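Hi,

Here is the structure I promised to hand over. Please open it first, then read the notes below.

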Amino acid sequence: MISFSSAKKRYPNGFEALKGVSLNIDKGEMVAVTGHSGAGKSTLLKLAAGIELATQGSVMVNNQNVGQLREAGLAVLRQKLGLVFQDHKLLFDRSAFENVALPLAIAAFPRAEVGKRVRAALDKVGLLNREKSNPVTLSGGEQQRLCIARAIVNRPAILIADEPTGNLDQEYASTIIELFRSFNQVGVTVLLSTHDEVGLARLNCRRIVLDQGSVVA
Amino acid sequence: MKAWLTAHIQACERAFMRFRFQPVSSLLSVAVIGIAITLPLGLYLLFANITAAASRVNTDPDVNVYLALNATDQEARELEKRLKQIDGVSQVKFVSRETALAEMKRVANLADLLTGLESNPLPHAFSLRPASSNPETLTVLRKNIAALPKVEHVVMDFEWAQKLKRFATFAERLVMLLGIVLASAVVFVTGNTIRLQILTQKDEIEVSQLIGATRRFIRRPFLYFGAVQGFFAGLVAIAVVSGIVAWIGSEVQALTVSYGSEFALQSHSAGQALGVVALSALLGWLGALISVSLYLRQPGRL
């Protein structure tokens, strides 16, 4: 489903975030990327999501060579992924419902089905009763769950989540870990990054350990 | 096909939403663009009316041939025959010196003065209507006629027709120039409106692109907004110009009737109005396209 072959990423300022990473993630697999901050976890996830492009080597997602896609092709690839961001990237000028509906608008979903899909996603993350709330009024954990609802509303085959439990206390973190486990159980390929050892133990999945831009385990 | 249509309908709805959320600034932009279009449109109509009024006056050049004072009636009749044979003369009218004097007494209120004269000071004359109004042909014609016996003066009145033509060309160019300047103003005004909108929606654009919005998707509602804004501005311009024509038109008509003319102020045709509105919408679309494309092509953007 996702494969890297000697993928390198050097940012314009010269910093080499990934120094030739090769890995393979199968369909339906759940993989956690760990490592210290600055080890290249976020960069690896961005390459897998087509948000950043490898400067050398190649990244294949869904049998597509990400580096060879043009602007519109990359966008369409991202439409098919469920992306959860470390800083949520929620829009504070609209309701929770409208935030979750955004991917459907981008995919030009028929209006009649939008309500059903959005409420199903909100229900899944336990925020159905908050659909009219502004994300500002939600707690950190709720915001993260709202972000997850937005990621799954389009029913993607791949979920990519950058530090979904970062900055959350244990109780909130474990609900979120449980969510990802349940998505994986219904066949969704999950790639997430974390440095939360308790969460990792609960996930009980394959680990990729990064150190200074290289896979060490 | 259905998805494409849904995408366009939804983009159109988002564009109208922006109108609803920013009614004041949207209306101000519509007014500014409307006025910018009113100027060349109004000037165009002004010049179109001037040239129309001028062309009602007979601009076909008349050639007046004055004979020597000592030319006899017999000589005049012979000359008439020869004039009729000249190529490029379509009509010959003889004006005898007696007729000319009688005419002058009647028209010019000079009766008292003229009756004091011992003899008729006016010569026999011919009024010719040339077949062509081409200045070069007319110059040749004048030379040929002047060479005929007993012809004293050949007076041709084609220069002012040429001047009128030049004025019309000049006015046309002026309108065109003003049109181009103000059309680019419409593009820039729309571009700026769109730029301000983009700034207020930076987050939405960024997040949308992260989760898979194509540039085309981001652009679409802005393009609709620009086109719709231009469309309304075009309507404003048509309304303003129609209002002015109606307001001034009745006065102009009263004035021309008092001069015994039937000239009526011309407004734009329905087709021209449609063209102005369409062009204005197109310019708005173009301004939006430039603005949003510049933004999306900034380095470091997805």
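How much area do chain A and chain B bury between them, and what share of it is on carbon and sulfur atoms? The two chains bury about 1,800 Å² between them, 62% of it on carbon and sulfur atoms. Buried area here is the accessible area (1.4 Å probe) that two parts lose on being put together, summed over both. In chain A, the residues that lose the most area to chain B are E71(A), R78(A) and I106(A), together 28% of what that side buries.

Some ground rules. This is a predicted model, where local features need pLDDT of at least 70, side-chain atom pairs count only at pLDDT 80 or more, and totals for chains, interfaces and linings use all residues. Residues are numbered from 1 along each chain as its sequence is written, chains are lettered from A and ligands numbered from 1 in the order in which they are written, and side-chain values use heavy atoms, with hydrogens and water left out.

**The interface**

The contact (heavy atoms within 4.5 Å) takes 20 residues from chain A and 20 residues from chain B. The rule finds 3 salt bridges across it; a salt bridge is a side-chain nitrogen of Lys or Arg within 4 Å of a carboxyl oxygen of Asp or Glu. K89(A) and E206(B) meet in a salt bridge through their side chains, at 3.0 Å, N to O.

On the side of chain A that touches chain B, the elements giving two or more residues are α2 (71–79) and α3 (96–106) of chain A. Helices (H or I, at least four residues) and strands (E, at least two) are DSSP runs, numbered from the N terminus. α2(A) gives the most, with 6 residues.

**Sheet in chain A**

Chain A has an open sheet of 4 strands in the order β2-β1-β4-β5, with antiparallel pairing. Two strands pair if DSSP finds at least two bridges between them. The edge strands are β2 (16–25) and β5 (64–65) of chain A, each pairing on one side only. β1 (residues 2–10) of chain A and β2(A) pair over 7 bridges. K8(A) has K19(A) as its bridge partner in β2(A).

**Strands in chain B**

β3 (residues 125–130) of chain B pairs antiparallel with β1 (residues 63–67) of chain B over 4 bridges. β3(B) also runs antiparallel to β2 (residues 89–95) of chain B, joined by 6 bridges. A125(B) is the bridge partner of Y66(B) and of V95(B).

Best wishes
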